[in-house]
Structures are given as structure tokens and as C-alpha cells.
Amino acid sequence: MNRCFILGHYLAARRRFTAFADRVALESWQAARLRRHLSLIAARSPFYREWFDQPMCGSPALLSSWPRVDKRTMTDHLARWLTQSMDLEAARRLTTRAVATREFLRGLPNGVTVGLSSGTTGPAAMFFVSARERAAWAGLALARVMREMSFRRPRRVAFLLRANSPLYESVGSRALRFAYFDLQRPFRQLADGLQSFSPTIVVAPPSMLRLLAAERTECRLNVSPARVVAVAEVFDADDRAAVEGAFGVRAEEVYQASEGFLAATCPAGALHWNEDVIHVEREPLGGGRYHPVLTDFRRTLQPVVRYRLDDVISDEPDDSPPCACGSVFRRVRRIEGRGDDSLRLPRADGVGAGMLFPDFVRLAVSRAAGDSLEDFRVRQIDPQSVDVSLQPTFPEEERAMFLDRLADILKVDCARAGLLPPTFRWAEWPEENSDARKRRRIIGLPVTR
Ligand SMILES: [Zn+2]
């Protein structure tokens, strides 16, 4: 990958972050980008060409004429979706060798890489990225996560992830060193490696940050990063507090998926959408929550246009005071999790089902369990019953009382949402998957559409 190219993207992305005086300026800039991008995709993607050949389907210049799609639509039509013809079989063979990673795999012609998004429900989806798009992604990630670079104060960035990404290998330099630590290695080995690297920035999933925080508190890990960044899992308030307490810094967050580099924490501590690269529509879920519908107006090989994510998000209100960092990009208040991290419960009026969002469940469990709670798992078994496990576990004689408290708290939330409360049952702490998949504390019934 061409370093100059990445550097160019890095500088441009840094400039764009605070380049817009207000929302109007940003939105008119976005609109011009979108128009150009949509006409290109409508001409080059066979799937969309056919779509706009149909009568009455509107003009491709208007985003509202484009169909809302999701991972399944894309996967079902992938061969015609792409704007370049690709050997899908060869790509599939590459990805099956690295199931459950989101790594960009090399080996396709013209520097194209393929990544696999392994959902917990539905099929795994392939995401193709061209060399040019990868450089833009790396430049953007550097600008939003590493921010400024200095030869006088070199950065050492430790990535603790499930899979290494060639993105970062290719941009290491004197000012910036990267080390990758494989999450699947034994924890002690990992902690020792981290200590000898002595990182200034640590990037890891919250479940790993939590373990590192405990090691730091117990004085078994002697590292003092200036910044700690959570990725790849929902970052709950209790994890955030533990990490901030142990490392004495404000914890930051990166919201990234196979679909794109979506949001990152700014120097003032707010999580901004990368609105200079993606346009976000909101599919409302009530109470300020929504599913984001993304249009990435830089991605052309595998178009992401009006692409709906299952994640449940809420933003800072539009009328909240501007962010101290100077950017007008919208701020995410909470990433609550995926759609199937919510409990799906029958409606009290007997018509269909509704969602009880993960935030309610988290809060209720921590209130019912009290101060000793370190971790929990909630798994919905069927529309009426939900299993709960705690760590540390409760003595047998206290379990029924805990379940009663939990039921009482959630009864109120369910009544407010017009849902029938489920029955809670005690369950033993589940065996975690050994393949170090994402930690999910709350697992609802699969969302069926
Ligand atoms: Zn900000």
C-alpha cells in the first residue's frame, strides 16, 4: 500500500474534522458528495442498474429512491452488487480459512482484500475492499484515533485483537510503532508482552481492557498508557469506570464494523460519527433509539448505500451545545448493542412482540445484584423465560430473592414499554467460547424479519 496515499488521506481527514462551520455547511458538502457517488454506483453496480431500470423507481440522484438494504440483501445479490467482477469462489475459499475474524485477507487480484463479517445470526457476509479504499480507511483511522503524530514523542500503539490487520503494519514509522497481540494467546503471555512493549496507546475490546484493569489494580501489570481505546464490543458503564479507575485516563471508544469506520472519540471525549465519509439515516425505535442506515460515500467496490445495521444507537440531542473539540459531526450518546441484544417480549395488548432494550436489562441486573456484581449474562430462552447468571455467583439461599428483585425492577420497565414481563431463572455461569468471539452479556431471541 502506498504510504504517501495514506498520508494524504490522513491529512485530509484531520482537516475535515473541524472544517465545517455548522451543520448546514456539512450537510450541503455531504449532499454534493452523495450525488456524485450515487450516480457512479447506479451506473456501475449491475444490481442497482437493474433496480433503476424498473419503471417508477425514482431518480438515482435522490438517496430516498434507493432501497433500504441489509446484510442479507447484500449477501444474496453479491455477485451483481459489486462494481467490479470478482471471483467469489476464490474469495470464499480465502475467508473460510479465517472464519470469525474481521481481518482483511489478501490474495485477490489488483490488491483487493476480503473480510468476513461473522454475525451471530444470519449468514457471514463477505466485504471486499480495494487497495485505494483501504488506504483511505487507514488514513481516516489514523486521523481519528491517533490524531497528531510527532517524531519527538513517538507513539507505541498496542492492538489486542482477534486478528491482525495489514492496515496497521503498513503505516508503522518512526513516529508511530504498532504491536499486535493475539487475544487467543494465554493471558499471562499477553500481559507480559504488553508490559515489555510499554504502550502509550492501548486498543482492545472492553472485556480485555477489564482484565488488564484488574491486573493493573493488583500491581501485576506495570503499564501507563496515555490513552485507552475500546473497540469491537459494547462498552458498558461499569467497564468504563473500572478501566478509567485503573489507568487514570478517560477511556475512549472506536465504533468500527466491516461496513466501515463509523465513529471515534474526539479529544473532548465525545463519540462523533465520521460524517465526512458516511451519511447516517435513523430508523427510529422509540425513546431516541434507532437503527443506523448507512451510506458510505467513499466506498465503490462494494457499495454501502442505505444499509441498515442491527445496532441500537442513541445520539446526543440535536440542540445540545456544540462539542468543545470544534467538530459539528453528530455525537453518539450510547451504542447499546445489536438488535438481538434486546429481549423480545410479547406485547401486553396481545398484538405481536416488542423490544426491551439492553440498557434497561443492564441497569436492572446491576441494581438487583448490588455492589458485589462483577459480570453477568442474560439469555432469553423463549418469549416468556430468561436465564440470568452472575459473577461472583450468589449462595443458593439468596438467589430467589435476587430474581424477585430483578423481576420487580423490570416489571416497571416492561409496563412502561407495554410488554409482558418474562420469568427469570437462575443459571450457572456459562462456558465462554474458546475462540475468543465477542463478549455478549445479553442475548435475546434472534430477530426475524
Ligand atoms: Zn468532539
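**Touring the boundary of domain 2 and domain 3**

Between domain 2 and domain 3 an area of about 1600 Å² is buried, and carbon and sulfur atoms give 41% of it; buried area here is the accessible area (1.4 Å probe) that two parts lose on being put together, summed over both. This is a predicted model, in which local features need pLDDT of at least 70 and side-chain atom pairs count only at pLDDT 80 or more, while totals for chains, interfaces and linings use all residues. Residues are numbered from 1 along each chain as its sequence is written, and side-chain values use heavy atoms, with hydrogens and water left out.

Select Glu336, Arg338 and Gly339 to begin: these supply 29% of the area that domain 2 buries against domain 3, more than any other three residues.

Next, colour domain 1 (3-132), domain 2 (141-339) and domain 3 (340-443) separately, bearing in mind that the bounds come from an automatic or database domain assignment. The contact (heavy atoms within 4.5 Å) takes 20 residues from domain 2 and 18 residues from domain 3.

Now show arginine 334 and aspartate 359, whose side chains meet in a salt bridge at 2.5 Å, N to O. Between domain 2 and domain 3 the count is 7 salt bridges, each being a side-chain nitrogen of Lys or Arg within 4 Å of a carboxyl oxygen of Asp or Glu.

Finally, on the side of domain 2 that touches domain 3, select α10 (206-217), α11 (237-247), β11 (289-296) and β14 (331-337), the elements that give two or more residues to it; helices (H or I, at least four residues) and strands (E, at least two) are DSSP runs, numbered from the N terminus.
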